Amino acid sequence: MAEKGSEWVVMATGRSPTNIAVIKYWGKRDEDLILPINDSISLTLDPLHLSATTAAAVSPAFSRDRMWLNGKEIPLSSERYQKCLREIRKRANEVSDEKKGIKIKKEDWENLHVHISSYNNFPTAAGLASSAAGFACLVFTLAKLMNVKEDLGQISSIARQGSGSACRSLFGGFVKWTMGNNADGSDSLAIQLADEAHWTDLVVIIAVVSSKQKETSSTSGMRETVQTSALIKHRAETVVPARVLKMEEAIANRDFTSFAKLACADSNQFHAVCLDTSPPIFYMNDTSHRIINLVEKWNHSEGTPQVAYTFDAGPNAVLISPNRKTAALLMQRLLYQFPPNQETDLTSFVVGDKSILQDAGVTSMKDIENLEPPPEIKDKVPHQRFTGDVSYFICTRVGSGPRVITDETLALLDPVTGLPK
């Protein structure tokens with residue numbers, strides 16, 4: 001290692017996507033190791049639109065481990081953070097930087113401290129899997145900084161110990177988290193079912209109903225469900241194993257009809273299990289239910305699923321369309337039923353892939369006012385519009401897994417001081 005008194009900082013920056021489960025993880029068989037009671041399947045969302053960026057730096061000048069989230073320093077005392085740091089440090093290897101004359105030996109890592117800065121480009125703790133992106137990015141970036149040699153599957157089992165669904169954000173495309181059988185959790189990890197190039201037609205629209213932090217965290221909600229719900233055992237042991245097999249087949253065959261039916265059914269059952277908890281847990285709200293009704297009426301009128309919906313532990317709707325044309329028709333329906341307030345800027349009301357607005361024939365607030373009610377509700381009066389009930393929409397797609405960011409201008413830590421910029 002370079003001499004203790006010398007001033008040097010070694011840094012790595014990574015970006016990890018979030019993921020949305022279409023077969024839900026809900027309930028742990030081991031709280032400490034975060035081992036689930038069932039398998040789950042997710043799709044990874046485009047990191048351009050929904051991701052965490054993390055910079056991790058090491059220096060002999062650092063007196064302790066420190067972390068900043070979205071610009072604010074947070075304590076690293078939580079056992080979840082400590083486990084991730086401990087497990088990565090155990091696997092650290094020699095790191096050399098010939099230009100700076102730095103050589104960190106394997107045994108040095110136990111005595112060196114790190115600074116970590118992380119930023120989410122979407123709301124934290126609002127049911128959009130921010131902790132999944134955050135812990136996946138933390139573990140991925142620390143593994144790069146410390147030259148960890150294990151493959152992404154093994155690294156996913158470390159991310160799992162920070163936040164269960166984080167293990168699924170170590171891969172792009174379609175991902176399965178296998179619950180595993182080993183008591184130590186060594187076989188509870190993520191595997192990629194198909195990469196992001198497998199099914200490129202899918203379009204994902206997220207209705208952000210609320211970006212507020214949810215009242216019941218996923219951690220406490222799961223614990224209460226496992227302790228009190230009579231339905232959860234049947235779901236985990238009987239329903240989910242059959243659904244996982246069918247969902248794997250639907251993804252492999254790009255069978256949207258089966259995919260949509262399974263995703264909607266599993267989302268509804270997950271929330272039914274939350275209602276079966278004592279006291280009951282309400283993650284969805286009236287706007288969530290109206291979005292479900294909108295999709296169900298459309299699907300029913302066409303006789304085949306046009307759109308799949310899924311809700312994680314929050315009120316925000318994730319809506320998946322089989323192609324661009326259907327996504328544009330969905331966008332029209334959403335803007336008709338949930339128009340923005342008059343003072344809203346349309347470019348901040350639909351974010352991500354904004355070209356969906358052109359596809360939907362909407363370029364101004366006047367276009368939204370002039371939208372006709374969709375055929376499936378046209379003859380049913382009165383037509384109610386719920387202005388301002390959706391905060392904004394994110395249009396995105398299935399995306400890639402974590403990436404190293406080499407552009408130093410995008411780093412969140414100063415390369416000289418190792419402190420937030």
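Biologist: How many aromatic pairs does a search of the whole structure find?

Modeller: The search finds 10 aromatic pairs. Please bear in mind that this is a predicted model.

Biologist: What is the geometry of the pair formed by Trp 199 and Phe 259?

Modeller: Trp 199 and Phe 259 are edge-to-face, at 5.5 Å centre to centre and with 75° between the planes.

Biologist: Which parts does that pair tie together?

Modeller: Trp 199 lies in the loop between β13 (190-194) and β14 (203-208), while Phe 259 belongs to helix α6 (residues 256-275), so the pair ties together parts 60 residues apart in sequence.

Biologist: Are Trp 199 and Phe 259 buried or exposed?

Modeller: Both Trp 199 and Phe 259 are buried.

Biologist: And why is the pair of Phe 349 and Phe 393 edge-to-face?

Modeller: The planes of Phe 349 and Phe 393 stand at 85° and the ring centres are 5.4 Å apart, so the pair counts as edge-to-face; the cut-off for that class is over 60 degrees. The pair links distant parts of the chain, with Phe 349 in helix α9 (residues 346-349) and Phe 393 in strand β18 (residues 392-396), 44 residues apart. Phe 349 and Phe 393 are buried.

Biologist: Which residues do ring pairs link into a cluster?

Modeller: The cluster consists of Phe 174, Trp 199, Phe 256 and Phe 259, linked by ring pairs.

Biologist: Turning to helices, how do α1 and α2 pack?

Modeller: Helix α1 (residues 79-90) and helix α2 (residues 130-145) pack at about 25°, and their axes are 10 Å apart. Angles under 35 degrees count as roughly parallel, and α1 and α2 are therefore roughly parallel to each other. The crossing of α1 past α2 is right-handed.

Biologist: Which residues make the contact?

Modeller: From α1, the contact uses Arg 80, Tyr 81, Cys 84, Leu 85 and Ile 88; from α2, it uses Phe 135, Leu 138, Val 139, Leu 142 and Ala 143. In the contact of α1 with α2, 9 residues are nonpolar, 1 is charged and no residue is polar.

Biologist: A new topic: where is Ile 23 found, and what is it in contact with?

Modeller: Ile 23 is found in strand β2 (residues 19-23) and is buried, with a relative accessible area of 0%. Leaving aside neighbours within four places in sequence, Ile 23 is in contact with Asp 39, Ser 40, Ile 41, Val 240, Arg 243, Val 244, Met 247 and Asp 266.

Biologist: What about Ser 51: buried or exposed?

Modeller: Ser 51, in strand β6 (residues 51-59), counts as buried at 4% relative accessibility. Not counting residues up to four places away in sequence, Ser 51 touches several residues, including Arg 15, Pro 17, Tyr 119, Phe 122 and Ala 133.

Biologist: Now the backbone. Where is there a cis peptide bond?

Modeller: A cis peptide bond joins Ser 278 and Pro 279, with omega about -5°. Pro 279 lies in the loop between α6 and α7 (286-302).

Biologist: What is phi of Ile 34?

Modeller: Phi of Ile 34 is near 50°, a positive value in a residue other than glycine. Ile 34 sits in the loop between β3 (28-30) and β4 (35-36) and counts as buried at 1% relative accessibility.

Biologist: And what is phi of Asn 147?

Modeller: Asn 147 has a positive phi near 55°. Asn 147 is in the loop between α2 and α3 (152-159) and is partly exposed, with a relative accessible area of 25%.

Technical notes: Residues are numbered from 1 along each chain as its sequence is written. This is a predicted model: local features need pLDDT of at least 70, side-chain atom pairs count only at pLDDT 80 or more; totals for chains, interfaces and linings use all residues. Side-chain values use heavy atoms; hydrogens and water are left out. Axes are lines fitted to C-alpha atoms, for helices over the stretch in contact, and angles run from 0 to 180 degrees between N-to-C directions. Helices (H or I, at least four residues) and strands (E, at least two) are DSSP runs, numbered from the N terminus. Angles under 35 degrees count as roughly parallel, over 145 as roughly antiparallel, 65 to 115 as roughly perpendicular and the rest as oblique. A crossing is left-handed if the near helix is turned anticlockwise from the far one by less than a right angle, and right-handed if clockwise. Contact means heavy atoms within 4.5 Å. Ala, Val, Leu, Ile, Met, Phe, Trp, Tyr, Cys and Pro count as nonpolar, Asp, Glu, Lys and Arg as charged, and the others, Gly among them, as polar. Rings of Phe, Tyr and Trp (its six-membered ring) pair if their centres lie within 6.5 Å; planes under 30 degrees apart count as stacked, over 60 as edge-to-face and the rest as tilted. Buried means under 20% relative accessible area, exposed over 50%, partly exposed in between (1.4 Å probe, protein chains only).
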